[in-house]
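Hi,

Here is the structure I promised to pass on. Have a look at it first, and then read my notes below.

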Amino acid sequence: MSPMRLALLASALLTSLVGAAQAQTTLRIGIAEDPDILDPSIGRTYVGRIVFSAFCDKLFDIDEKLNIVPQLALSHETSPDGKEMTIKLRPNVKFHDGEPLDAEAAKFSIERHMTLPTSFRKSELASVDHVEIVDPLTIKLVLKTPYSPLIAQLTDRSGMMVSPKAAKEAGDKFGLHPVCAGPYKFVERVQQDRMVFEKFADYWNKDNIHIDRVVFLPIVDATVRLANLKSGGLDLIERVLATDIKDVRADSRLVLSTAPELGYYGLTVNIRNDKAKGPLSQSAKVRQALDLSIDREALNQVVFNGEFTPGNQWVSPTHPYYQKAFPVHGRDVAKAKALLKEAGITSPVTVDYMIPKGAENEAVAQVIQSMAAEAGFDIKIRAVEFATTFKQAQAGEFQIFQINWSGRIDPDGNSYIFMRSKAPQNDGVYSNPEADKLMEDGRLTAKFDERKAIYEKLTGIVLNDLPIIYIYHRTLLIAHTTKLQGYKQMPDGLVRVVGLKFK
Amino acid sequence: MLNFLARRIAQIVPTLFFVSVLIFSLQQLLPGDPALVMAGEERDPAVIEQIRQQYRLNQPIPVQYVYWLKGVLSGNFGESLRNKMPVRELIAQKLPVTLQLGSMAMLIALLIGIPAGIVSAVKRGTVWDYGANLFALWGISTPNFWLGIMLIFLFSIELGWLPASGYVPLTENWRASLAATIMPAFVLGNAISAVLMRHTRSAMLQVLESDYVRTARAKGLSERSVILKHAMRNALTPIITLGALELGTLLSGAVLTEQIFSIPGFGKLIVDAVFNRDYAVVQGVVLVTATVYITLNLVADVAYILVNPRLRGWTHDRCRPARCSHRAS
């Protein structure tokens with residue numbers, strides 16, 4: 001080979017190597033729905049939160065053990081009377097448009113969440129009276145009353161910071177071109193098709209960002225999502241079906257990442273809103289009988305191959321606020337029958353049981369139906385389209401409503417809005433002054449031990465009254481290819497892209 | 001001809017007005033409350049009230065209709081309740097996708113359906129005929145959903161030839177675009193090809209038995225010339241109307257297919273909008289679909305006349321050619 005040709009060949013080889021080293025990497029994530037709007041003040045969907053975590057950092061975040069850790073903040077301190085929270089911000093943080101994240105910007109973001117006419121964060125920040133700037137990197141939230149779940153709210157959309165310049169210019173259209181301070185910046189969105197994000201060069205934690213682009217692709221059908229992952233069209237998918245777990249585990253090119261979810265699956269019982277005045281609404285004993293007729297472990301085995309966690313409280317047994325004094329009880333049909341007898345019921349108890357349509361929901365309902373039948377319940381399952389269930393639930397057109405709550409980090413987020421008298425999602429209109437008082441105290445108390453004791457009392461009352469019969473906690477199921485490394489699943493179900501790399 | 005066209009176009013306006021009133025009245029029958037759906041997981045009453053006011057959901061339906069109509073007349077279809085995108089923009093984004101998918105599906109249907117129908121009629125009673133009929137039966141009775149999933153398993157997972165889902169615009173990368181749309185287009189085209197095949201077959205059989213074909217044969221013309229020049233032209237006239245109407249169906253009927261292959265087209269847009277009670281989007285999409293449907297119908301009528309010169313004289317009376325075809329025979 002002539003020296004000239006050798007040189008040419010060598011240079012071609014080098015070029016191709018350099019080319020390979022610089023090849024752009026793209027992480028393609030399959031999500032189960034198309035999110036609503038990408039504005040942290042206006043967004044309402046769970047799937048939207050997954051997308052936010054790629055481009056919109058928050059003041060605080062959580063770790064695998066549900067500890068609250070700093071993100072855009074460095075630290076926080078609550079005054080002894082619980083009415084002031086001082087937050088120190090991380091220095092040298094920039095928004096995607098180059099604007100600095102300082103105390104002024106943080107104040108603007110929080111006030112925007114609180115005052116934008118279309119904001120959905122108002123109720124989450126309702127305890128905040130106003131925000132003060134202490135120094136260029138410190139803000140102080142002055143509260144109307146002490147509110148211990150506030151810090152947990154700041155680990156979600158209420159804690160997301162947006163560029164004041166971009167937000168002022170765009171108003172409530174900000175979500176069409178969001179500008180935040182996260183690892184990736186927004187490039188484009190085609191509704192129902194894709195959302196594209198590109199690495200942000202000035203990200204404060206850029207050393208841990210190894211992938212150039214992140215693309216979210218909404219694919220509604222779980223089977224098709226998995227097919228895409230298997231065929232190499234996607235690198236990671238969320239919400240794998242429990243029935244597909246075996247398939248994923250059997251594939252050597254795939255990895256299943258799991259975590260217990262924060263929420264619960266439960267049966268909301270209509271107590272005071274029940275127009276038919278069925279026995280369930282009239283007597284706690286009847287509800288206890290239904291509760292005792294359910295074998296949660298068997299249900300878990302039958303419907304979910306034993307992958308989920310049977311539960312009896314609004315937090316899962318792995319949560320720091322789970323009350324070990326009240327373990328999940330076994331099935332006791334004899335006792336259930338005796339309780340019905342005590343309540344003065346002889347004939348089968350007919351129950352109108354509403355579920356949102358869906359194969360999993362229907363399977364759960366059918367198992368419960370057959371278990372409860374042995375104890376003397378005649379359950380009539382009524383599958384209703386999801387959007388319609390809200391309206392019927394609010395109107396009290398049900399006796400049991402099977403719901404799935406995605407969950408919040410703080411136990412307050414899983415209990416207050418469902419059980420406090422007149423709370424927005426208290427569809428069964430449960431009301432117990434003692435429980436109300438405990439739920440209020442839970443909000444005012446900051447110390448873990450004291451709060452846990454309050455919630456222990458509340459658990460005792462709720463497990464006796466049973467306005468909601470808790471059944472199980474789902475396992476978050478995320479699958480990705482073996483090429484993707486460094487993935488850790490958090491209990492909030494969100495997909496965190498920091499630290500991920502391709503092999 | 002011009003008179004006919006003018007009259008048909010004039011008919012479109014009242015039809016669309018009627019359609020718009022119908023959409024508005026019918027969607028009120030949808031159970032569920034858009035404000036409740038939009039409020040999301042935490043159904044705060046204050047938030048729900050805020051949404052009702054913001055989108056005038058608390059106003060009487062006729063008032064809402066007048067606001068909407070005013071907007072539509074000035075080219076503004078409102079904005080999506082869910083993501084604040086202008087409905088006009090959403091439609092502009094989705095329409096080309098569905099049109100591409102629809103025309104590819106139609107092309108596949110025509111390429112399979114018409115030749116199969118002709119062969120089946122000409123070779124009546126032979127293996128060819130039975131084969132084509134069997135294919136048509138299969139095409140009609142195979143659910144789109146099943147066929148789609150099977151194709152994904154075969155061509156994406158097992159063979160790795162085609163992407164399992166997603167969409168790439170033609171203008172961005174035509175090869176990738178064709179690769180992404182060929183499977184859904186085949187699924188859609190498959191069912192239509194079966195319908196076209198059956199119709200072509202029966203029309204062709206009828207024509208082959210007519211006097212002028214017998215005359216043509218008697219004149220000693222080649223069989224090829226008899227079939228392609230004389231018989232086919234006449235047999236195809238009713239197929240045009242059928243094809244145009246099927247094209248209209250493709251626009252809104254691609255729902256399942258678009259869902260399986262995650263094609264961000266019209267079908268997917270309307271399904272998501274209905275489930276999210278995104279009224280503004282539903283109204284816009286239905287109106288546009290109706291317009292396209294009516295236009296296609298008009299185009300079919302015109303094409304009908306162009307293909308069959310015997311019908312030309314008829315456009316002067318009030319008879320719609322598609323409905324008066326019996327007078328042509």
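Let's start with a term you'll need: a salt bridge is a side-chain nitrogen of Lys or Arg within 4 Å of a carboxyl oxygen of Asp or Glu. Between chain A and chain B, the count is four salt bridges. One to look up is the pair B:Glu172 and A:Arg194, whose side chains meet at 3.8 Å, N to O. Before you go further, keep in mind that this is a predicted model.

**Where the two chains meet**

The contact draws on 45 residues from chain A and 45 residues from chain B. Together the two chains bury about 3900 Å², and 52% of that is on carbon and sulfur atoms. Which three residues of chain A supply more of its buried area than any other three? They are A:Arg44, A:Gln191 and A:Gln192, with 17% of the area that chain A buries against chain B.

Besides the four salt bridges, there are ten residue pairs in polar contact between the chains, with both residues at pLDDT 80 or more. The largest share comes from α13(A), with five residues. Sorted by class, that side of chain A has 17 nonpolar, twelve polar and 16 charged residues.

To find the pairing on screen, pick A:Glu188, whose bridge partner in β9(A) is A:Val196. The two strands make a hairpin with three residues between them, and in the turn A:Gln192 has a positive phi of about 65°. A:Gln192 is also one of the three residues named above for buried area.

**Chain B on its own**

**The four-stranded sheet in chain A**

Now over to chain A. One open sheet has four strands in the order β4-β5-β7-β6, with antiparallel pairing.

You can walk through the pairs one by one. β4(A) and β5(A) are antiparallel over five bridges, and A:His76 has A:Ile87 as its bridge partner in β5(A). Their hairpin has five residues between the strands, and there A:Gly82 takes a positive phi near 75°. Moving on, β5 (residues 84–89) and β7 (residues 138–143) of chain A also pair in the antiparallel sense, over five bridges. Here A:Lys88 has A:Thr138 of β7(A) as its bridge partner.

**The six-stranded sheet in chain A**

Another open sheet in chain A has six strands, ordered β14-β18-β13-β17-β15-β16, and its pairing is mixed. At its edges stand β14 (309–310) and β16 (377–384), each with a single partner strand, so one side of each lacks a neighbour in the sheet. For a parallel pair, look at β15 (residues 349–356) and β16(A), joined over eight bridges. In that pair, A:Val351 stands opposite A:Ile379 of β16(A).

Helix α9 (residues 284–293) of chain A packs on this sheet, touching β13, β15, β16, β17 and β18, and its direction makes about 80° with that of β16(A). Helix α14 (residues 412–419) of chain A lies across β13, β17 and β18, running at about 150° to β17(A).

**One more set of strands**

Last stop: β1 (residues 26–31) of chain A. This strand runs parallel to β10 (residues 213–218) of chain A, over six bridges, with A:Arg28 partnered by A:Val215. Two bridges also join β1(A) to β11 (residues 236–237) of chain A, again in parallel. There, A:Ile29 stands opposite A:Leu236.

Happy browsing!

Methods: Residues numbered from 1 in each chain as written. Chains lettered and ligands numbered in written order. Predicted model: local features only at pLDDT ≥ 70, side-chain atom pairs only at ≥ 80, totals over all residues. Heavy atoms only, no water. Pairing = 2+ DSSP bridges. Contact = heavy atoms within 4.5 Å. Buried area = accessible area lost by both parts, 1.4 Å probe. Polar contact = N/O pair within 3.5 Å; in protein donor to acceptor, adjacent residues only side chain to side chain. Nonpolar A, V, L, I, M, F, W, Y, C, P; charged D, E, K, R; others polar. Axes fitted to C-alpha atoms, helices over the stretch in contact; angles between N-to-C directions.
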